[in-house]
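Reader: I have a structure open and would like to go through it with you piece by piece. Could we do that with the picture in view?

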Amino acid sequence: MKNKNILFGLFLNTLLFFLSYIVPKRPGTVLLGGGLGNRLSGNPKYFYLHLCFESEENRKPFGSFAWITKNRRIHEQMLTQDRPALYAWSLKGFWAILRAEQLVIESGNAPGIGGHDIAYERLFPGRFNIFQTWHGTPLKRICLDVFRDRNLSKWHEKFYFWLYRRELGSLSYILALSDIAKQRFKTAFDNQNIAVLGYPKNDIFYGNPGRWDAEYRWQSYSKVLLYAPTFRDHPGAVKPFSEMFIETLNDQLKSRNWCLLVKKHQFDQTLDLPGELSNIFDISEDTDDVQEVLIQADVLISDYSSVFIDYLLRKKPIIFYIYDLESYLDKSRQMYCEFLEEVPGPFARDEKELLDLLLDTDKWFEEDTYKDKFDKALDFYHTFQDGDSCLRFQNLLLS
């Protein structure tokens, strides 16, 4: 069944490719999608909610806009909320892709995962105006740079790289947070059209979170900790926590009325938690959008993920749990930077160091030396810190 869906998706993408050079675009139309077509998340989501808000206030910068998804649940949910939405696996959805003047996406190429935010399968060439909003400033190498690191030798690998390079090079614009992100995107996408405007999803940190459909769920705890790591794409990856540590941590959290939320990366296969923990909760399955959790977290624990860059805007403690740094760099991904020098720290190499830092955040976070590192990182990664990224992106689409 899966192979049939892939073949059908490839057929539809091929049809879109040829028809895109014949069928005219409808001026003023914007189509948005995210999460490989199956999730409502990321920069497209927040720009979409911005457009919904503008429409409710009788301000309509575009002729029409809609969210397109392959997920029936999301489609029905949005229609129930009286928001414009389309189901991709329908004639109406297919026609909307073909006719849209501008397409807004955020996802990249996922190992072993097919699909596309808006189209039906991974590669999506043709006459389309696609705005890639991405999802973070890369620390680890991404897109074309990953393929370059592999020293492709087989003809089908080289052919795929050629197709992928053409697709990324044809993007109308790629959205970035800062000049350092712009530099890295130029090689990753082989594209010079990089717009440093900030990310729409970070507007949630400013003003009223209710505007972004944010739901507060953990107010009963005096402190909320969030563990949001990246994924490991190599076999034999080491698990981050022992069962004994999880039990010890849970006891510490319970005694302080704290909780730990675990938001696994959608491609993670290493992190397992025992059931029935009183103060540790795996929210990976019921929370697609990490931004909704970042606005509620008092402390972030991460690793080589760029999620910490968004969280810098909250000006709250961040701990980098790098228990497998050497093996990650050796077997999983190379970096664009000297990781230990670029990010502000502090670093925990093992469970004991992690626990010590967690229980002492109020002390080290207020130290002048650390504050200086933190502030420099904030300015390094964020050109804009004002909550107006949706408006800047809107102006780009209208230009």
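Reader: Which residue in strand 12 is the bridge partner of serine 302?
Author: In this model, which is predicted, the bridge partner of serine 302 in strand 12 is phenylalanine 320.

Reader: How many bridges join strand 11 to strand 12, and do they run parallel or antiparallel?
Author: Strand 11, residues 299-302, and strand 12, residues 318-321, run parallel and are joined by three bridges. Leucine 300 also has a bridge partner in strand 12, namely isoleucine 318.

Reader: What stands opposite leucine 300, then?
Author: Leucine 226 stands opposite leucine 300 of strand 11, and strand 8 pairs with strand 11 in the parallel sense over three bridges.

Reader: Which way do the residues of strand 11 point, and are they buried or exposed?
Author: Val299 and Ile301 point one way from strand 11, while Leu300 and Ser302 point the other way, and all of them are buried.

Reader: Switching to helix 6, which of its residues are buried?
Author: Phe161, Tyr164, Glu167 and Leu168 are buried in helix 6.

Reader: Why would residues some places apart point the same way?
Author: An α-helix has 3.6 residues a turn, so residues three or four places apart point the same way.

Reader: What covers the buried residues of helix 6, and what is on the face turned away?
Author: The cover includes helix 5 (143-149) and helix 7 (179-189), whereas the face of helix 6 turned away from its buried side carries the exposed residues Trp155 and Arg166.

Reader: And which residues of helix 7 are buried?
Author: In helix 7 the buried residues are Ile180, Ala181, Arg184, Phe185, Ala188 and Phe189. They cover an arc of only 135 degrees around the axis, which puts them on the same side of helix 7.

Reader: New topic: how many disulfides are there?
Author: The count comes to zero disulfides. Cysteine 143 is in no disulfide, and the nearest cysteine sulfur, that of cysteine 337, is 16 Å away.

Reader: Where is leucine 36, and is it buried or exposed?
Author: Leucine 36 is in the loop between strand 1 (26-32) and helix 2 (42-56), and with 8% relative accessibility it counts as buried. Its phi is positive, about 55 degrees, although leucine 36 is not a glycine.

Reader: What about asparagine 151: where is it, and is it buried or exposed?
Author: Asparagine 151 is in the loop between helix 5 and helix 6, and it is exposed, with a relative accessible area of 63%. Its phi is also positive, near 50 degrees.

Conventions: Residues are numbered from 1 along each chain as its sequence is written. This is a predicted model: local features need pLDDT of at least 70, side-chain atom pairs count only at pLDDT 80 or more; totals for chains, interfaces and linings use all residues. Side-chain values use heavy atoms; hydrogens and water are left out. Two strands pair if DSSP finds at least two bridges between them. Helices (H or I, at least four residues) and strands (E, at least two) are DSSP runs, numbered from the N terminus. Buried means under 20% relative accessible area, exposed over 50%, partly exposed in between (1.4 Å probe, protein chains only). Contact means heavy atoms within 4.5 Å. The arc is that of the directions from the helix axis to the C-beta atoms. A disulfide is a pair of cysteine sulfur atoms within 2.5 Å.
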